Amino acid sequence: MDFTLTDEQALLRDSVTAYLTGRYPLLESRRAARSPERWQPEVWEAFASELGILAATLPESVGGLGGGPEEMMVISEALGAALVVEPYVGTAVVGGALLTGAGGPAADALAESVAEGHARIALALTEPESGREPWDVHCTATPDGDGYVLSGEKIVVADLPLATHLIVVARTSGDRLDRDGLSLFLIDFDAQKPPTGVEAHYYRTIDDHHTGDLRFTDLEVPASALLGTAGQAWPVVERALDNGTAAVCAEAVGVMRRVVADTVEYAKQRKQFGVPIGSFQALQHRMVDMSLELEQAVAATYLAVLNLSGPDRRRARAVSAAKITIARAARFIGQNAVQLHGGMGMTEELAIGHYFKRLTAIETEFGSATDHLHRYAELAR
């Protein structure tokens, strides 16, 4: 199988990498992430207008460029290498998949706004009482007149403080563990002034990303807020989550490539007993093991990406296999890189500490290795 990028994909990778290298310094981006604004709006605007990556994987019918999973992988890996905190995966990948999967005038209009860089999306799915299964949803949407009333809680809503729109997964019928009966609702959102009936709490995670919790108390929404067909949202949500998982795997590959390269370079320069520590055979073996984990992670990510457009069962197995592999590699590479850097590895001034934090967060993002092992085992039956 040929994994060589096409000329267009290579140009896309080089363009994104060149922009981030010149205009996204690590420490400046960390300061922006910890500021009251929480991000760099001008970077997001450049993603839309200069680089076109927000439109890259959206259909041409909604103003996109018609790219596929491979383009998503290329973009995500480049963003990972630069530790970008702007909400690309949540908006362009997960949000884009939800909107195109649900369809309809409202979804198409919002997808066009995503491509133009005007809209940012947060998916509200996970709940305090949710179990292992992501379709374990308690939040309800009860028909009321010409609309619905939403009640319930959502936690760890990625990119919530940056979102202009929420897509809420709520139950319109069935029991809590039924996959049928779930529906999608689109809600306009202002982080500074949430709608009446919505209580929001925001917080920054260890990797300088932003998330939050929501409580809906008799929130009234019109019938037009429903995306797609009532009660039939789960297949759309599952595909979107698989796209997001594959994107995060590609992002992790970009992070790990940088971590391995920085560790090797540090071992060449750092001297102990008058010689570079990279000359010690034990440390050479450790760095080889890191490189092997990286190559396995790359292969698993390619497998997931190339199956995103395939049959549901095959796609799900490939994505879960990739997430399991990525979680193991992220932990091994991150922890060994910090150990080889010594005390410097955990300082704010050195990049390796920031990369380690992101790898630690990626381990559980879109489900832990245990969650995906459970899913893979179910799919293998």
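Modeller: Gladly! Let's begin with contact, which means heavy atoms within 4.5 Å. Helices (H or I, at least four residues) and strands (E, at least two) are DSSP runs, numbered from the N terminus. This is a predicted model, where local features need pLDDT of at least 70 and side-chain atom pairs count only at pLDDT 80 or more, while totals for chains, interfaces and linings use all residues. Residues are numbered from 1 along each chain as its sequence is written, and side-chain values use heavy atoms, with hydrogens and water left out.

Biologist: Which residues of helix 7 meet helix 10?

Modeller: From helix 7 come Val248, Glu251, Ala252, Val255, Met256, Arg258, Val259 and Thr263; they meet Ala351, Ile352, Tyr355, Arg358, Leu359 and Ile362 in helix 10. That contact divides into ten nonpolar, one polar and three charged residues. Here Ala, Val, Leu, Ile, Met, Phe, Trp, Tyr, Cys and Pro count as nonpolar, Asp, Glu, Lys and Arg as charged, and the others, Gly among them, as polar.

Biologist: How are helix 7 and helix 10 oriented to each other?

Modeller: Axes are lines fitted to C-alpha atoms, for helices over the stretch in contact, and angles run from 0 to 180 degrees between N-to-C directions. Angles over 145 degrees count as roughly antiparallel, under 35 as roughly parallel, 65 to 115 as roughly perpendicular and the rest as oblique. Helix 7 (residues 234-269) and helix 10 (residues 351-362) pack at about 150°, with axes 10 Å apart, and are therefore roughly antiparallel.

Biologist: And what about helix 7 and helix 8?

Modeller: The axes of helix 7 and helix 8 (residues 281-306) come within 10 Å and cross at roughly 160°, so these two helices are also roughly antiparallel. By class, their contact has 15 nonpolar, three polar and one charged residues.

Biologist: Where does an annotated domain fall?

Modeller: The unreviewed UniProt entry places "domain: Acyl-CoA dehydrogenase/oxidase C-terminal" at residues 234-368; such annotations may be inferred rather than shown by experiment. Over residues 234-368 the chain is 77% helix and 3% strand.

Biologist: Which strands does strand 3 pair with?

Modeller: Two strands pair if DSSP finds at least two bridges between them. Five bridges join strand 2 (residues 140-144) to strand 3 (residues 147-154), running antiparallel, and Thr142 has Val149 as its bridge partner. Strands 2 and 3 form a hairpin with two residues between them, and Gly145 in the turn has a positive phi of about 65°. Seven bridges join strand 3 to strand 7 (residues 210-222), again antiparallel, with Lys154 partnering Leu214.
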